[in-house]
Structures are given as C-alpha cells and as structure tokens.
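This report looks at a few local features of one protein model. Please keep the sequence and the structure in view while reading.

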Amino acid sequence: MTRTGVILTGGGARAAYQVGVLRAVADMYPDWHYPFNVIIGTSAGAINAMALAGSRGLFRHNIDHLEKVWSELTMDRVYRAGSFSLMRSLSSVARKFISSPIESGPISLLDNAPLRKMLKREINLENIHQTIREGHIDAVGLNACGYNTGQNVCFFEGIDGLEGWSVGQRAGTRTELGLDHIMASSAIPTLFPPVPINREYFGDGATRQMAHVSPALRLGARKVMVVGVSANQMSTVKRPEKPGMPTMTQVLGHVFNGIFLDTLDYDIERSRMINQLLELIPQKKLKEAGLDLSPVDILEISPSEPIDEIAAKYLDGLPLILRRLAGASDTGADGNASLASFLLFDPRFCKDLISLGYRDGQSQAKQIERFFSGGTQSRG
C-alpha cells in the first residue's frame, strides 16, 4: 500500500484556498478519518497542516472547523491593524534602521501577536501528539528558514524510525512541534518578526525553499497531493505600451511571488521531468549505478483563476496605511493587488478563495480518486 502525503504551501491569506480543496476531498470521502499519512506545511500552510494533524474525528468535521476559522478571519486576529499600532511599528522599524546592529533587534512591519493567541485557542497540540502516537498519521512537518545559517529546516514530529537529514541548505530535524514552529513557519519576511527556536531565529518556510516535495518523501510518502496558491499558469503576461518606472510595491510584489509561488512551480516541473527520465531508464541500470530512485506520483491542485484579481475586489478591507504600502487606491482595484493579497485577511476574500478551491477540487475529482486508489489512509 502506498503512503500518501499532502503538501500545503504558503502565501498569507491566500492559504484559505487550500481549505476549499480539502473540503472537496472531505465531501468525496465523508466517512474517512485521516486521508493523509504525511502532512507538510509551509508558511500559512503550516497553520492548515497542524489543524489537519490535530483531527480526532471524521476528516470532514475537522474541515468544518477549519473552514469556519478562515471564513470568520479578520486582520485584527492575525496582526494589530489599528492605525496607532501600524504607525508605532513603522516608527520602530525606522529607529532600528539607524541604530547599531546590536541594539536593533528583529525588524518587522507588523505585530502578529494576535495570531499566536488565535492559534493557541484553535489548535490542540496534544491532539497532534496523540494522533501520531496512535499511528493515525506517520508525520507532520513544518518548514522554516534560519536567518543566521540560511538553512531551510523541516521541523517534524512522527512515528518511530523516521530520521532527520541534512543536505546542503536543506535539513530535517525531529522535535515536538509547538506554537513557535507554526509562528516561525508563517513569519512572512519583513512583515512579521522571526521566532527564536533553539539557537537561531527562524522565519517563513518559503524562504530559500527550492525542494517543496522532498520533506514529504523523506518522511515516507510515495505519492503527494500538492495544494498551491499560485495561479501562474492562468495569468497572462501583459506589457504596457509605454512602461514607466516600477514602483516599490510592484518590486516587492514580484519578490514575494518569487519566494512563495514560483519555486513551487519549478519544483513540481522538475519532479515531473525526473519521473519522465526514470521511465526511460531500466531498473537494472539504476541499481547498477547505486541510485535508489523511483517515480513520484504528484497531484497538483492550484487556483484556476488569478488570485490577484480576486483580491483587487476587496482592497478596501485593508487599513489605510497598509493600502498605501501595498500600492492600492482608496476606491479599489487598480491591478496592483499582488502584495496586498498576502495580508488581506478579510472574510470576503477568504470565502471567495475557499469557494474557488472547492470548485477546483471538484473539477479534479477523477484525479483525486485515482490519487487515493491504493493508499493507506485511515477510512474509519
């Protein structure tokens, strides 16, 4: 029986899309308890991953709760969005830029202390530990990037026999997962403060992550469902007739897209290319070369509509200061919603993304059915 894994990537508020896809899976298999043996989360996807791992009942009931959380999510539950708090954060950043390195401390534009409070209320860590001890799932891993070493680390908790790894700038280490690991994995660079874990400060797991599929495979999965938040394949390239100097917001938007979206697309493309090459090489030749390689079944589900365009409808939900920083106008869509979409924890936006994820999941029902065929998920 082939062990299944799910990879939930990040992108701030965009991660609401994943809930819709998971809802489609839950509706297809209403009596299942644990569809996935290995769960990997990165950035905001780490929040969804831990919620899945903490399930103690039917999978669909767990998704009910997760959908309720995202549908009612507001910015003040994730970061302090008041004008006074934002101005204080900006003033603090300015002071730290001109102070000495020793006195500067971590720099972040936003205070995400409310997120920790919400996670403590909504995620039962003991349930996660117990679910693993009872063998319902093999492992759950959260990716984070160390700002001192630059190493991308997968902090994982799992069944006996799973070992850590270290390959260049990628590593995996066994630990008991807690709120610090979720906060670190979801700490968007420059926006949210890094989190100290052991002897290093860690930030968003999408940073310097070039092998999104690898941790799931190292933890035992042999087929993986990847739920992304990029609509790169649906976006058409548009060039203006008279290009102007790019704004800071446009530059930052592309930087964030490169961190959160593009590397996943590249990794999946590379994995599929390796699968094609392995089909051309006889197993005997692989063994003679000492290569323990086999094709990986990858099911990718990603937005069928550009998320930026959805976000543009709800930019009025951002506080005025953030609207300015994100390059949005006072009245709404101006085609510059890429950066804003990461911070737009607005119920309207999140509900739209959940609905889009559900439709995309339904449209791939046959692929999902094929994916779970022969898997080792717990069905009741």
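In what follows, Ala, Val, Leu, Ile, Met, Phe, Trp, Tyr, Cys and Pro count as nonpolar; Asp, Glu, Lys and Arg count as charged; the others, Gly among them, count as polar. The model described here is predicted.

## The second largest pocket

The second largest pocket has a volume of about 580 Å³. Its lining is made up of 19 residues, and those closest to the centre are Leu217, Ile274, Leu293, Ser294 and Val296. Sorted by class, the lining of this pocket holds nine nonpolar, six charged and four polar residues.

Two helices that each give at least two residues to this lining are α9 (214–218) and α10 (248–280). The largest share comes from α10, which supplies six residues.

## The largest cavity

Three cavities of 30 Å³ or more are counted in the model. The largest cavity holds about 130 Å³ of space. It is lined by 13 residues, and Ala44, Ile47, Trp70, Leu115 and Phe345 are the closest to its centre.

Helices α2, α3 and α6 (113–122) each supply at least two residues of the lining of the largest cavity. By class, that lining has 11 nonpolar and two polar residues, and no charged residues.

## Helix α3 against helix α15

Helix α3 spans residues 59–71 and helix α15 spans residues 347–363; their axes come within 8 Å and cross at roughly 140 degrees. On the α3 side the contact is made by Glu67, Trp70 and Ser71, and on the α15 side by Pro347, Cys350, Lys351 and Ile354. The residues of this contact divide into four nonpolar, two charged and one polar.

Trp70 of α3 takes part in this contact, and Trp70 is also among the residues closest to the centre of the largest cavity.

## Two residues with positive phi

Ser43 is not a glycine, yet it has a positive phi of about 60 degrees. This residue is found in the loop between β2 (38–42) and α2 (44–53). Arg208 is likewise not a glycine and has a positive phi of about 60 degrees. Arg208 is found in the loop between β8 (200–204) and α9.

Which of these residues is buried, and which is exposed? Ser43 has a relative accessible area of 1%, and buried means under 20%, so Ser43 is buried. Arg208 has a relative accessibility of 52%, and exposed means over 50%, so Arg208 counts as exposed.

Key:
Residues numbered from 1 in each chain as written. Predicted model: local features only at pLDDT ≥ 70, side-chain atom pairs only at ≥ 80, totals over all residues. Heavy atoms only, no water. 1 Å grid on protein atoms, 1.4 Å probe; cavity = no way out; pocket = protein on both sides within 12 Å on 5 of 7 lines; lining within 4 Å. Points joined across faces, edges and corners; volume = space filled by probe spheres on them. Helix = DSSP H or I, 4+ residues; strand = E, 2+ residues; numbered from the N terminus. Axes fitted to C-alpha atoms, helices over the stretch in contact; angles between N-to-C directions. Contact = heavy atoms within 4.5 Å. Buried < 20%, exposed > 50% of the residue type's maximum accessible area, 1.4 Å probe, protein only.
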